[in-house]
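Okay, thanks for coming, everyone. I've got one model to walk you through, so let me put it up on the screen.

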Amino acid sequence: MKRFSALFFVLILSCATSFAQEGPKQEVAQQITNWHNGLVKADLEGVMAQYASDAVFFPTFINVARTADERKAFLQTLIAKKPVAVLNNDQRVRIFGDVATCSGSWVFDVNNAEGQHEKKPVRYLFVFEKRGGKWLIIEQHVSAFPEKSKA
């Protein structure tokens, strides 16, 4: 009976830990959705508010955006391309206390220099830290896939 009780306790504890992780995982996944929706709605200030003041962003088309002004300039350029992204089914959120990672890929549909729609498959990695009760982006890397898709 003691063995059964111990096993039952471990099972309950592991389930409780799993359920406790779902809340933060959903919050972080929602932040990715909010980031994308902000771009689509051209809400530059809303997107900027998702970054910690000391965040570092490694976007595809420039080397790095370490300051708020560099992030803002890049995001203004991206918003001007009227991006719409379709998330692939490979998003992975992992929680490490007050730090979380979210990685995956999506296909951005953007307007190119000629105003034509262009699909750009990219991969991403966001690192979040919970500060003041809010998940903020502290590191971000987004890059185009190096090879062409074999579709």
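Let's start with a surface residue: Lys 82 is exposed, at 56% relative accessibility. For the cut-offs, buried is under 20% relative accessible area, exposed is over 50%, and partly exposed is in between, with a 1.4 Å probe and protein chains only. Lys 82 sits in the loop between α3 and β2 (84-87). Helices here are DSSP runs of H or I with at least four residues, strands are runs of E with at least two, and both are numbered from the N terminus.

Quick housekeeping: this is a predicted model, where local features need pLDDT of at least 70 and side-chain atom pairs count only at pLDDT 80 or more, while totals for chains, interfaces and linings use all residues. Residues are numbered from 1 along each chain as its sequence is written, and side-chain values use heavy atoms, with hydrogens and water left out.

Back to Lys 82: its phi is positive, about 50 degrees, although it's not a glycine. Most residues other than glycine have a negative phi. Ala 42 is another non-glycine with a positive value, near 60 degrees. You'll find Ala 42 in the loop between α1 and α2, and at 48% relative accessibility it counts as partly exposed.

How confident is the predictor? pLDDT is its confidence in each residue, from 0 to 100. The chain's mean is 81, with 82% of residues at 70 or more. Contact means heavy atoms within 4.5 Å.

Now the strands. β4 (residues 99-111) runs antiparallel to β5 (residues 117-131), with 13 bridges joining them. We call two strands paired if DSSP finds at least two bridges between them. As an example, Ala 100 has Phe 128 in β5 as its bridge partner. That hairpin has 5 residues between the strands, and Gly 115 takes a positive phi near 85 degrees in it. Then β5 and β6 (residues 134-144) are antiparallel too, joined by 10 bridges. Their hairpin has 2 residues between the strands, with Gly 132 at a positive phi near 60 degrees.

Last stop, the core. In the largest nonpolar core, with 30 residues, Trp 35, Leu 75, Trp 106 and Phe 128 touch the most other members. β4 gives the most to this core, with 5 residues. A nonpolar core is a set of buried Ala, Val, Leu, Ile, Met, Phe, Trp, Tyr and Cys residues joined through side-chain atoms within 4.5 Å. Leaving aside neighbours within four places in sequence, Leu 75 contacts several residues, including Trp 35, Leu 44, Met 48 and Phe 57.

Methods
pLDDT is the predictor's confidence in each residue, from 0 to 100.
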